[in-house]
Amino acid sequence: MSDVQQRIDDLVKGHKVVLFMKGTAQFPQCGFSGRAMQILKACNAGEVTTVNVLEDEGIRQGIKEYANWPTIPQLYINGEFVGGSDIMMEMYQAGELQQVLAGGQ
Ligand SMILES: N[C@@H](CCC(=O)N[C@@H](CS)C(=O)NCC(=O)O)C(=O)O
Ligand code: FES
């Protein structure tokens, strides 16, 4: 595993809920990332670890390889890739995201 892939793996496995996004939780810098954050808030997700890919070009590119998913935002729960903002919205509307968040540790 490359250095960047290892760093991403440590982040994803070291925290329950990790959102790779553009900007921060307080100041998202893209509508898709803002929407992802809003969905997590609507789910009462609790502690969300956010990673601002605009501050790290290596992670911005590396995260696309890590989950084989070409865009940001990317949500991980309990070490597993969940999806981008479209998938998050679909899961939220079906009540599934709330269930995944409630499961695990
Ligand atoms: N449909 C996507 C929208 C996300 C998206 O299109 N992201 C683009 C624009 S922010 C992206 O990450 N492009 C690659 C990049 O900026 O590195 C989703 O469901 O999350
Ligand atoms: S930064 Fe332009 S669509 Fe996300």
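At what angle do the axes of helix α1 and helix α3 cross? Before you look, keep in mind that this is a predicted model. Now select residues 3-14 for α1 and residues 57-66 for α3. Their axes cross at roughly 75 degrees and come within 9 Å. Angles of 65 to 115 degrees count as roughly perpendicular, so that is the label for α1 and α3.

**Stop 1: where the two helices meet**

Show the side chains on both helices. On the α1 side, the contact is made by Val-4, Gln-5, Arg-7, Ile-8, Asp-9, Leu-11 and Val-12. Facing them from α3 are Gly-58, Ile-59, Gly-62, Ile-63, Glu-65 and Tyr-66.

**Stop 2: Asp-9**

Stay on helix α1 and click on Asp-9. Is Asp-9 buried or exposed? Its relative accessible area is 10%, and buried means under 20%, so Asp-9 is buried. Leave aside residues up to four places away in sequence, and Asp-9 touches Met-1 and Tyr-66.

**Stop 3: along α3**

Next, select Ile-59, Gly-62 and Ile-63, which are buried in α3. Turn the view until you're looking down the axis of α3: the buried residues fall within an arc of 105 degrees, so they line one face of the helix. What covers them? The cover includes α1, along with the strands β1 (17-21), β2 (49-52) and β3 (74-77).

Now check what sits around the helix ends. Asp-56 caps the N-terminal end of α3. Zoom in and you'll find one of the side-chain oxygens of Asp-56 3.0 Å from the backbone nitrogen of Gly-58. Then go to Asn-68, which follows α3 and has a positive phi, near 55 degrees.

**Stop 4: Ser-33**

For the last stop, move to helix α2, residues 31-42, and select Ser-33. How accessible is Ser-33? Its relative accessibility is 0%, so Ser-33 counts as buried. Follow the side chain of Ser-33 and you'll see that it reaches the backbone nitrogen of Lys-22 at 2.9 Å. To see what else is around, show Met-21, Pro-28, Ile-72 and Pro-73: these are among the residues that Ser-33 touches, not counting those up to four places away in sequence.

Definitions and conventions:
Residues numbered from 1 in each chain as written. Chains lettered and ligands numbered in written order. Predicted model: local features only at pLDDT ≥ 70, side-chain atom pairs only at ≥ 80, totals over all residues. Heavy atoms only, no water. Axes fitted to C-alpha atoms, helices over the stretch in contact; angles between N-to-C directions. Helix = DSSP H or I, 4+ residues; strand = E, 2+ residues; numbered from the N terminus. Parallel < 35°, antiparallel > 145°, perpendicular 65-115°, else oblique. Contact = heavy atoms within 4.5 Å. Buried < 20%, exposed > 50% of the residue type's maximum accessible area, 1.4 Å probe, protein only. Arc of directions from axis to C-beta. Polar contact = N/O pair within 3.5 Å; in protein donor to acceptor, adjacent residues only side chain to side chain.
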